[in-house]
Amino acid sequence: MKKSYVIKRILYSVFVFAVVITLNFFIPRIGVEDPAERYYPPQGNMSEIEYEIIKQATREQYGFDVSPWQQYLNYLEGLTHGDLGMSFRSGSPAVADLIIDRLPWTLVLSVSTMLIGLIIGIMFGVIAAMKRGRWQDTVLLNASTIMIALPSFFIALILSFYLGFEYEIFPAYTDPNMVSNFEWTFASLRNVAQNAALPVLSMAVGSIIGYAQGTRNAVIAVTNEDFILTAKAKGLKQNTIRYKHILRNSMLPIVTSLGMSISGLIGGQVVIEQIFNWNGMGTLFLEANNMNDYPLMMGIMLLLSGFTILAILVTDLIYVLLDPRVTVGDKR
Amino acid sequence: MKNKLSIKHRILQEILKRLKNIGLFLKRIWSHKQGKIGLTVVTLLVLIAIFAPWIAPFDPYDVSDRTLKGLPPSTTHLLGTTLNTGQDIFSMLIYGTRISLIVGVTSGICIALVGSILGVMAGYIGGAVDSLIMRIVDIMLVIPTLPLVIVLTNVFGRDYWIIILIFVALGWTGLSRTIRSLVLVLKNSNYVKAAELAGASRWHIMIRHILPGTSHLLIMSTALSSAGIMVAEAGLSFLGLGDPTAISWGKMLADAQGGGALLFGAWWWIIAPGVGIFLAVFSFMRIGIVMEEILNPRMKQSSGVYKIFKNLNSAYVEDVFNSMDDNQKIGITAATESKRKGKEETDGTGIET
Amino acid sequence: MEQVLKLRNLKVIFPSHGGIIRAVEGVDLDIHQGESVALVGESGCGKSVTSQSVMRLIESPPAITRLDTLEFNGKDIKNYTHKQMQDIRGKEMSMIFQDAMTSLNPVMTCGKQIDEMYIRHKGVSKKEAREYTIEALKLVGMPEPRSRAKNFPHELSGGMRQRVLLAMAFACLPKLIIADEPTTALDVTIQAQVLNVLRNMQKKHDMSLLLITHDLSVVSNIADIVYVMYSGKIVEKASVEDIFHEPYHPYTRGLIASVPKLSDTEKEFSQIPGTVPHPMKKPNGCYFHPRCQHATKQCKKAMPPLISVGKNHEVRCHHPLKDMKKEGKA
């Protein structure tokens, strides 16, 4: 029964991904009569005929000379061997190459934010729940009331103002040579860590508070369950009850929220990368947007959505491992 | 003629009833400390947004006087001026309330409407309609929102009503899912079944019987999604992708960053719009969270009990225990009742959350 | 007979937003070796709180507990620390809860949850514990105990889950078993099976049983002594024969009359008018007086004391009813 759930779940993710690919292809084309005009906007000093010639050349270069349907099929065909199309940038570099250059740098930020958020957040949450009603709990509650209303980009500006400019503890702007000079040496890694400190910190604050709050509520909810009373009546030791009964059960909602939070994390990171000039996918995306480079935008969107689908799938499967009750359609 | 009058009368009665309900409802939110804070700040912000031209001491768009550049806060310029254009930041802050509230609240309300209608349809009609709506929800869930909003503003333009439309188009999913599961429960409730047996039409049942059952949830969702969208709108304008003609808090922050506020230590230029965003988001969130507590009181008890314990009057507890003894039962009424009242009064102010 | 449990003057309150909830108001309880004692009352009368207080499972906060004496098995456990209590719970006294679905950990196999008892109190290895567990499941009549032990609670039927709880409670052969509405959530036929197991195990090992229930038919089958509780107070205490044949309290009489009998010729079910008082707004005087046909001025003014009306028969009433037949149906 579980096996069939897993297979169904995976097939469903594939279906969602297929729909996302399709949407991703057609949304940027809404309201665009001629993609070539996007690539090469009309210029004043150019005659109609000249412009038409240039547009025709563009169409041929980018494959816009066939019907949208054929373009879509070509796009799909390209995807099968990792071809995301050509960017509108000068030199028409492959979208996939542009993305691959930036991907590791984005992952540095998002993975460390996630890890820090999860580890510290769950720790704080458990502490607050165990010390319910005491100062630890009150501090968390008050912190989350305030932090939840502070957008991460404002936190980033404040951190960059005080820690970056005023006290110069961490660089307020990313070292522009960080990427090009990167080697697998301690000095280089330390440089990355220093530059990543502020962006990660600005995103992690919200993450920590979010996970801490979620963990606290989950732990408290489980503590009030009947089976915890049973465990107490069995004479089990405090620690056995805590770790074997309470924690495992309270991880369930956290695993679910983990998958859901990824999409938000990605969105927030776009702004943070921009603030710190971090050379990641977020800045790449904004560059693409400013240049109307929609093959590149499409490529990034596709990757981000694929990521989210994968993350939700993985967390769902972990959930199945943790909760024996899950069968098809049972979860939410 | 008589019939018409009675219809008018009934409509009037209905409206009065609704108004009274809303009044009761606000009173309920008001009875929480958190709700009080939220309602007060929201009201204040709405008033500021409406009367912005009268409140703002300067024209926020005025960039003519170059001598005013980069003034720190003073009695004339309460929050100082911008470094590059010399605009009065306090006035900009006041005007910024408008765009934030309009985008946030309008989207919040529309999301509540769209989300509840689609959720009720999915839950009540079921079948193909249900699976279609839920598939859409699943798909929207995996597309990162902010990048998608950026793509859509690129395609459709950046007027703020377009931005509202985009937020609504992307924001209804979570609510509709919640409403759907609620409707599935309500659908099997006896009074909906009775209405069905009595021959009421599907739409009639949805509107008269099912939607009212979700009203608390809708207000909560409106408050929370308004808050979320204010953050998103600020983020969008911060990236320079909001409505280019309006003064918004996000854009102020972006100008501050671009205009060297960080570099030259013009903290007031960063703090002011940040506080604006914070207050707006915070107040709407408070209302949403109080609603959540009203809807789901179990969460609230958990820490409330501890506060009650802290404020417990031990003499009163002793009296209660003593009054339980058989021979003393007769004496409880007069002596302890007054103490109890006094205790409850302090409870009223001292215990909340 | 050796006295297993001696509880004197238990009072439990729950401070809350609106005021203080008076859950238990001075309850005395005596249980002897091998005896079955039933604590009967409507929901909300404080019987569950009483039973959990005996195991000292009621925590503060949310509750405040006062008691004069709590002696278990000759030991004064009133001031035992948490650690000392942990050694007694499960081993010397154990509890069976009402709803086996929520009382079992959903993400742990049933076997493991029983294993825990042996690992904790007998200090055996996991493997040995499992052998004990299977033996225990066999004793409570679980079919295919070895494979059932590997099931999760949601995979078992209600009756089987209840058997898991029984096996868990009997695991260490405790002196005292507290069963809190052990059959309420079950079908009638399954109820009988579970009650039989419960009674047989208890008699076989000469354990004492504290049965919490609102179901008088269960009481008549199992109990030796019956305590009737109303709104936090014991209103009548007697042997099971006396309770059914000579109830003195109007409330007890009402409870008995409301059990439907085959011989009933009247069309309507007999019932007690009104509802249990709110635990924050209890009436003055006798708590039962607003629902009592026989209430007088005195009843409205003063709470009656518990008075002795016969051998081991006590009642809390100003005007105890003498003869059931004369009064007719209450």
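C:Ser231 counts as buried, with 24 C-beta neighbours inside 10 Å. Here is the scale: a residue is buried if 20 or more other C-beta atoms lie within 10 Å of its own, exposed if 12 or fewer, and partly exposed in between, with C-beta atoms placed from the backbone. This is a predicted model, in which local features need pLDDT of at least 70, side-chain atom pairs count only at pLDDT 80 or more, and totals for chains, interfaces and linings use all residues. Residues are numbered from 1 along each chain as its sequence is written, while chains are lettered from A and ligands numbered from 1 in the order in which they are written.

Back to C:Ser231. Its place is the loop between strand E10 (225–230) and strand E11 (233–239) of chain C. Helices (H or I, at least four residues) and strands (E, at least two) are DSSP runs, numbered from the N terminus. C:Ser231 is not a glycine, yet its phi is positive, about 50°. Most residues other than glycine have a negative phi.

A:Glu168 sits in the loop between H7 and H8 of chain A. Buried or exposed? A:Glu168 is exposed, with 9 other C-beta atoms within 10 Å.

Staying with chain C, look at helix H1 (residues 47–54). Eight of its eight residues are buried, so this helix is largely enclosed by the rest of the structure. Among them are C:Lys47, C:Gln52 and C:Val54. After H1(C) comes C:Arg56, with a positive phi near 55°.

Next, confidence. pLDDT is the predictor's confidence in each residue, from 0 to 100. Chain C averages 87, and 95% of the residues score at least 70. Residues 324–330 of chain C stay under 50, and the model has 10 contacts for them beyond four places in sequence. A contact means that two C-beta atoms, placed from the backbone, lie within 7 Å. For the complex, the predictor gives an ipTM of 0.89 and a pTM of 0.83.

On to chains A and B. Their contact takes 41 residues from chain A and 33 residues from chain B. Several helices of chain A give two or more residues to that side, including H1 (2–26), H8 (186–223) and H10 (238–276).

Last, chain B. It is divided into domain 1 (95–296) and domain 2 (314–347), with bounds from an automatic or database domain assignment. The C-alpha centres of these domains of chain B lie 50 Å apart.
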